[in-house]
Amino acid sequence: DWMLVTAGTTDHYNTMTAAWGGLGYMWNKPVAFIFVRPQRFTYQFIEKYEYFSLQFFDASYRKMLNYCGTRSGRDVDKAAETGLTAFAGPNDSVYFDQSRMQMECRKIYFDDIVPEHFIESGIRKHYPENDYHRMYIGEITECLVKA
C-alpha cells in the first residue's frame, strides 16, 4: 500500500506519499521502517522531531496520495489542497481523520543507503542524482484502526 509519512506537529508539519518501507519486529520491539530522500521537505521534519506517523488509506484516496507524492510542501499546503484533516496523536505526531489506519513511531535508528553496498548493480539506476535514501526505523508506539 501507498502511505503518507508525516512528521512535525499539527501547527507545523509535512507529509509525503511513500511506498518503500515495511513492518516487523526488531530489538524486541514492533517497528516500521521507512526510506526518505534528503531533498524531500519531509526529511527535515523527520530529522527534527522524535516521532513520525504513517497513515494508510483505502483505494478511494489514491488521487490524494498521488497529489501528496507529486507536490512539495515547500510550495503548497497539501492538507488544504486535498481536504485532509489533521489531529494530534498521543505524542503530538500528526494523524489524519480520513485514514483507515494510523501508526505513531518513535525514531530509534537511522542509516544512509551507501552505493558501495549494492550487491545488485541494477539498483544504481534508481539514483541518477546520487540522492540516496535515509532509512529510519521507528518503534511503533500506537496503532489506530478504524472499524
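**Strand S5 and its surroundings**

A: Start with a bridge: Val5 has Leu54 of S5 as its bridge partner. Keep in mind that this is a predicted model.

Q: Which residue of S5 is the bridge partner of Leu4?
A: Gln55 in S5 is the bridge partner of Leu4. S1 and S5 are paired antiparallel, over five bridges.

Q: And how many bridges join S5 to S8?
A: Six bridges join them, and the two strands run antiparallel. Within S8, Met103 stands opposite Leu54.

Q: What else does Leu54 touch, beyond its sequence neighbours?
A: Leaving out neighbours within four places in sequence, Leu54 is in contact with Met3, Leu4, Val5, Ala32, Ile34, Met101, Gln102, Met103 and Cys105.

Q: Is S5 buried or exposed?
A: Six of its six residues are buried, so S5 is largely enclosed by the rest of the structure.

Q: Which side chains point which way?
A: Tyr51, Ser53 and Gln55 point one way from S5. Phe52, Leu54 and Phe56 point the other way. All of these are buried.

Q: OK, zoom out. What is the strand order in the sheet?
A: S2-S1-S5-S8-S9-S4-S3. The sheet is open, with seven strands and antiparallel pairing. S2 and S3 (21-26) are the edge strands, each pairing on one side only. From one strand to the next, the twist averages 35 degrees.

Q: Now helices. Where does H1 lie?
A: H1 lies across S1, S2, S4, S8 and S9. Its direction is at about 120 degrees to S2.

Q: Which residues of H1 are buried?
A: Phe41, Thr42, Tyr43, Phe45 and Ile46. The buried residues of H1 pack against S1, S2, S4, S8 and S9.

Q: And H2?
A: H2 covers residues 62-70 and lies across S1 and S2. Relative to S2, H2 runs at about 110 degrees.

Q: Change of topic: aromatics. How many pairs are there?
A: The count is 10 aromatic pairs. In one of them, the ring centres of Phe118 and Tyr127 are 6.0 Å apart and the planes are at 20 degrees, so this pair is stacked.

Q: Are those two buried or exposed?
A: Phe118 and Tyr127 are both buried.

Q: Which residues form an aromatic cluster?
A: Trp20, Phe33 and Phe35 form one.

Q: Last one. Which residue lies over the face of Trp2?
A: Arg62 does, at 3.6 Å from the ring centre.

Conventions:
Residues numbered from 1 in each chain as written. Predicted model: local features only at pLDDT ≥ 70, side-chain atom pairs only at ≥ 80, totals over all residues. Heavy atoms only, no water. Contact = heavy atoms within 4.5 Å. Phe/Tyr/Trp six-rings, centres within 6.5 Å; stacked < 30°, edge-to-face > 60°. Buried < 20%, exposed > 50% of the residue type's maximum accessible area, 1.4 Å probe, protein only. Lys NZ or Arg CZ within 6 Å of the ring centre and 35° of its normal. Helix = DSSP H or I, 4+ residues; strand = E, 2+ residues; numbered from the N terminus. Pairing = 2+ DSSP bridges. Axes fitted to C-alpha atoms, helices over the stretch in contact; angles between N-to-C directions.
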